[in-house]
Amino acid sequence: QVQLVESGGGLVQTGRSLRLSCVASGDIVTIKTMAWFRQPVGKDREMVAALLSSGMRDYSDSVVGRFTISKDAAKMTAYLQMNDLKPEDTGVYFCAADIATQTSGGRFTYYWGQGTEVTVSS
């Protein structure tokens, strides 16, 4: 079964940086897209950054210029480099990926990790 595991979250002061990692594993044939979402306490989950199959990258307006999404295809790993962190960046960050497996017959399914918590103190 496909599994996405995030790591790299933690407690950091305003203005500092963190790098999140998301490792995909399982009977994976193709990963079409990878993305990062976050969910602040008491708020809805929102998209932070996405890396599309075309190579295009999309970012929410609130993180443009501060966050960068990237991937290492050979390692099936996505990263989110977060610079100049602000208290409003606090939340649980989730990795997501659109994946086709050996048994899916070409069908892509959106998978989610369990999340890694990021807390930015002022």
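**Exercise 1. Find the disulfide and say where its two cysteines sit.**

The structure holds one disulfide, meaning a pair of cysteine sulfur atoms within 2.5 Å. This is a predicted model, where local features need pLDDT of at least 70, side-chain atom pairs count only at pLDDT 80 or more, and totals for chains, interfaces and linings use all residues. Residues are numbered from 1 along each chain as its sequence is written, and side-chain values use heavy atoms, with hydrogens and water left out.

- Step 1: the partners are Cys22 and Cys95, with sulfur atoms 1.9 Å apart.
- Step 2: the S-S torsion of Cys22 and Cys95 is about -75°, so the disulfide is left-handed.
- Step 3: Cys22 and Cys95 are both buried (under 20% relative accessible area, 1.4 Å probe, protein chains only).

**Exercise 2. Work out the sheet that contains β3.**

- Step 1: the order is β1-β3-β8-β7, an open sheet of four strands with antiparallel pairing; two strands pair if DSSP finds at least two bridges between them.
- Step 2: β1 (3–7) and β7 (67–72) are the edges, each pairing on one side only.
- Step 3: β1 and β3 (residues 18–25) share five bridges, and Glu6 stands opposite Cys22.
- Step 4: six bridges join β3 to β8, where Leu20 has Leu80 as its bridge partner.
- Step 5: β7 and β8 (residues 77–82) are joined by six bridges, with Ser70 opposite Tyr79.

Terms used: Helix = DSSP H or I, 4+ residues; strand = E, 2+ residues; numbered from the N terminus. Buried < 20%, exposed > 50% of the residue type's maximum accessible area, 1.4 Å probe, protein only.
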